[in-house]
Amino acid sequence: MRNTLVAIFGGLVFLLLLWSYLDAYADLVRSTQDKSVEHLTIEYRALSQYQAELADQVFEDKINQPEVLRLMAAASRTEDPERLADLRAELLDRLGPLYERMRDKGFRQLHFHLPGAISFLRFHRPEKFGDDLWKVRTGIARVNTERVPVSGFEEGRVFNGFRYIFPLYFEGEFVGSVETSYSFRSFLLSHGDRHLGAYRLLVSRDLVVRKVWDDERRHNYMDSVMHPGFVIDWHADLTQLTDVLPMARNWSQSRLAEIGEAVGPRVRRRMNDWQTFSVATRQPEPAVVSFLPIETTTGLKGAYLLRYAAAPQLAEAWSWLWIKVGLTAMLVLLTIGSMIYMNLRESSRAGEREHWLRMLNEAQRIARVGSWRFDVGSNRLSWSDEVYRIFGQEPGSLTPTYERFMEMVHPDDRERVEQAVEGSLQTGNTYQIDHRIVLPDTEIRYVHERGTVERDGSGRPTRMVGTTQDITDRIIASEESRQAATILRTTHEGVVIADESGRILSANPAVEHLLGNDQSELLGRFVDELVFDRDDTTPFNQVREVLRAAGSWEGELWLRRFGDGTNFFPTLASFTSITSDLGDRRFVVMFSDISEAKAREWAMWHKAHHDALTGLANRSLFHERLERALSSSERHGERVGVLYVDLNDFKPINDTYGHDVGDRLLVELARRMETVTRDEDTVSRQGGDEFAVLVARPVNPEAVERVAEKIHEAIESPVQLDELTLNPSASVGLAVYPDSGTTVEELLAAADDSMYRQKQAHKART
């Protein structure tokens with residue numbers, strides 16, 4: 001029996017060592033994969049930042065200029081083919097040199113579109129224009145719909161690219177859009193580490209089939225053996241560009257295909273979920289393939305950027321692993337043989353028993369379980385070393401007795417313990433009981449005690465043996481867990497727990513109430529799906545970056561609400577990163593609905609910045625917007641117009657017909673002034689019968705005069721109030737930045753002087 005135990009123990013030791021070797025190798029594989037995907041992510045992030053900054057710079061400095069915007073405005077307003085051709089030629093001539101410089105910076109396309117996503121001018125193919133891009137170019141359609149800049153990866157009918165699409169405005173009118181795009185080759189030229197890895201671009205087959213012409217699809221794409229749902233962009237494949245982009249390693253197309261066949265079954269599910277990950281393989285050669293999903297202009301994932309990197313350290317570690325396994329097996333077998341031989345020697349039996357006794361004591365210490373024995377006839381009690389330690393005593397420091405043991409039991413538990421021991425002695429049954437003990441320093445601990453009775457031939461109890469285990473940590477943990485569960489169940493704040501990828505693992509009842517979803521519907525979703533990005537909140541991708549770097553984030557976010565028709569609501573949210581006992585990373589998300597607070601805040605702001613009678617902007621808001629308009633005009637060299645409007649003979653109307661009629665007249669005239677001005681202009685009530693109008697970005701002073709004439713005509717049209725017909729009139733003064741002044745005070749004073757002169761002329765006529 002002893003030899004069998006030795007053999008079993010040796011086998012367990014060998015298995016434990018084998019597990020540690022395999023775990024170390026697995027850690028190396030995970031570390032290599034994590035570094036590889038981090039390398040690719042940093043490369044792509046650098047490319048994205050570089051491209052975005054360059055595209056913004058080109059747009060702001062060269063394209064978003066009055067001359068270019070004027071041409072696009074003219075093109076958007078005519079359907080004459082000859083006129084369009086002239087405008088196209090003028091635009092090509094004006095920006096042709098810019099396009100050549102842009103190509104040196106990695107740009108592939110500069111493409112202007114008319115409203116409705118109609119192609120106007122492709123600088124790389126100026127002879128091709130007029131095609132409707134609405135259905136085939138979702139990014140351009142999105143700019144036309146939302147009128148905001150859009151960027152991201154987008155497949156084309158011929159080539160793929162990273163698109164940066166900007167809306168174009170002329171005098172506040174949407175006149176089309178412009179697109180700058182990069183090819184994947186610019187990534188390889190500027191950011192790809194070609195000396196260490198190979199790169200590929202895998203595009204969703206569904207997207208390519210939907211959008212790419214058949215001939216172009218056959219020439220520009222090839223099937224991927226890694227995943228049937230993706231195709232390889234031929235023009236973005238490094239194996240086809242070795243004459244332009246040489247590599248240190250000979251990553252041939254056939255070798256990459258062999259690697260793809262090796263890792264394909266392991267990556268397809270994760271690719272379907274659009275995960276960011278790396279996978280290592282030893283066949284046909286040691287390599288790591290990293291997968292980075294690329295976001296399209298619609299905000300969804302449409303392609304994967306792949307990086308192949310050699311990993312010779314994995315092959316070396318794998319070889320050393322089996323060398324260590326062989327050596328360990330030899331050592332374990334040698335050890336087992338030696339121990340069996342020693343067990344056969346009678347002279348070593350006592351030492352062997354002592355050895356195992358020490359191991360037992362150590363095991364008891366680790367498990368915090370002690371053993372005891374009580375001789376019923378002699379009333380003698382003996383403890384193992386661990387029982388001494390559990391009771392707060394040094395081993396062997398006192399002679400244990402049953403009475404001394406009972407003194408250490410908590411007073412409130414002594415009766416239960418005595419009943420359990422006496423009942424076991426009488427019935428012979430094993431007893432188990434949890435109770436408290438009081439240590440010499442008055443600390444209270446919890447123990448689990450188990451005892452069984454041994455009897456002689458006549459059935460009388462002779463001895464009790466048992467164990468004592470310290471269960472204090474388990475009791476405390478159980479109580480804390482129960483309290484935490486109660487808090488989560490009853491709190492009004494929503495609490496979501498997600499894994500490292502953002503997939504929701506659990507949610508408390510408050511989440512179901514706030515989002516309108518059952519927990520079963522939330523589980524498996526990603527936290528990203530719940531967040532709705534707005535201009536006045538922190539973008540969620542920045543939240544993720546801060547969370548990864550700092551471990552926590554707190555601020556305002558808008559979440560999606562399902563089920564009751566209210567789609568979005570503001571929350572105060574906090575994200576915290578935690579690590580479980582098993583080493584898994586988790587994220588705890590807490591949020592509370594602040595819709596009512598936001599509504600009160602908005603109502604207070606609106607009341608403070610708008611006239612109570614007419615609903616127009618008040619003096620404070622008008623001054624604030626005029627300050628911003630002047631700052632913007634100073635940077636971009638634009639004009640700003642200011643009109644000062646004063647109603648003629650308004651006091652007699654109040655005196656004759658009453659203030660109620662006067663108020664109704666002011667409300668009607670305010671509505672008319674808003675009707676004849678643009679959305680970007682601001683009509684304000686300065687007080688009484690005085691109004692001021694901010695004309696944003698007029699082309700010239702004559703444009704301000706035309707607005708003044710429209711307001712004058714709108715005011716002087718008769719007003720019918722029930723049976724009463726009024727014929728109001730007004731004096732309208734104007735000022736133009738920078739001709740009339742460069743500050744708010746100067747412009748208002750100039751407009752007021754102009755209005756005063758008109759008012760004097762009116763009095764002279766009447």
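Colleague: What volume does the second largest pocket have?

Modeller: The second largest pocket has a volume of about 830 Å³, where a volume is the space filled by probe spheres set on grid points that are joined across faces, edges and corners. On a 1 Å grid over the protein atoms alone, a pocket is an open set of points with protein on both sides within 12 Å along at least five of seven lines, a cavity is a set of points where a 1.4 Å probe fits but cannot get out, and lining residues have an atom within 4 Å of a point.

Colleague: Before we go on, what kind of model is this?

Modeller: This is a predicted model, in which local features need pLDDT of at least 70 and side-chain atom pairs count only at pLDDT 80 or more, while totals for chains, interfaces and linings use all residues. Residues are numbered from 1 along each chain as its sequence is written, and side-chain values use heavy atoms, with hydrogens and water left out.

Colleague: Which residues lie nearest the centre of that second largest pocket?

Modeller: Asn64, Leu69, Tyr169, Glu638 and Arg697 lie nearest its centre, out of 24 residues that line the second largest pocket. Helix 1 (2-63), helix 2, strand 4 (161-170) and helix 20 are the elements that give two or more residues to this lining, and strand 4 gives the most, with 5 residues. Helices (H or I, at least four residues) and strands (E, at least two) are DSSP runs, numbered from the N terminus.

Colleague: And how many of the lining residues are charged?

Modeller: The lining of the second largest pocket has 6 charged residues, along with 12 nonpolar and 6 polar ones. Here Ala, Val, Leu, Ile, Met, Phe, Trp, Tyr, Cys and Pro count as nonpolar, Asp, Glu, Lys and Arg as charged, and the others, Gly among them, as polar.

Colleague: How many cavities of 30 Å³ or more does a search of the whole structure find?

Modeller: The search finds 1 cavity of 30 Å³ or more, and about 80 Å³ of space lies in the largest cavity. Among the residues that line the largest cavity are Val496, Leu557, Thr571 and Phe591, and the lining divides into 10 nonpolar residues, 1 polar and no charged. Strand 21 provides the largest share, 3 residues.

Colleague: Switching to packing, how do helix 20 and helix 24 cross?

Modeller: The axes of helix 20 (residues 619-636) and helix 24 (residues 744-765) come within 10 Å and cross at roughly 110°, which means that helix 20 is roughly perpendicular to helix 24. Axes are lines fitted to C-alpha atoms, for helices over the stretch in contact, and angles run from 0 to 180 degrees between N-to-C directions; those under 35 degrees count as roughly parallel, over 145 as roughly antiparallel, 65 to 115 as roughly perpendicular and the rest as oblique.

Colleague: Which residues of helix 20 meet helix 24?

Modeller: Phe622, His623, Leu626, Glu627 and Leu630 in helix 20 meet Val744, Leu747 and Leu748 in helix 24, with contact meaning heavy atoms within 4.5 Å.

Colleague: What about helix 2 and helix 3?

Modeller: The axes of helix 2 (residues 66-76) and helix 3 (residues 81-104) come within 10 Å and cross at roughly 160°, so helix 2 is roughly antiparallel to helix 3. Their contact divides into 9 nonpolar, no polar and 5 charged residues.
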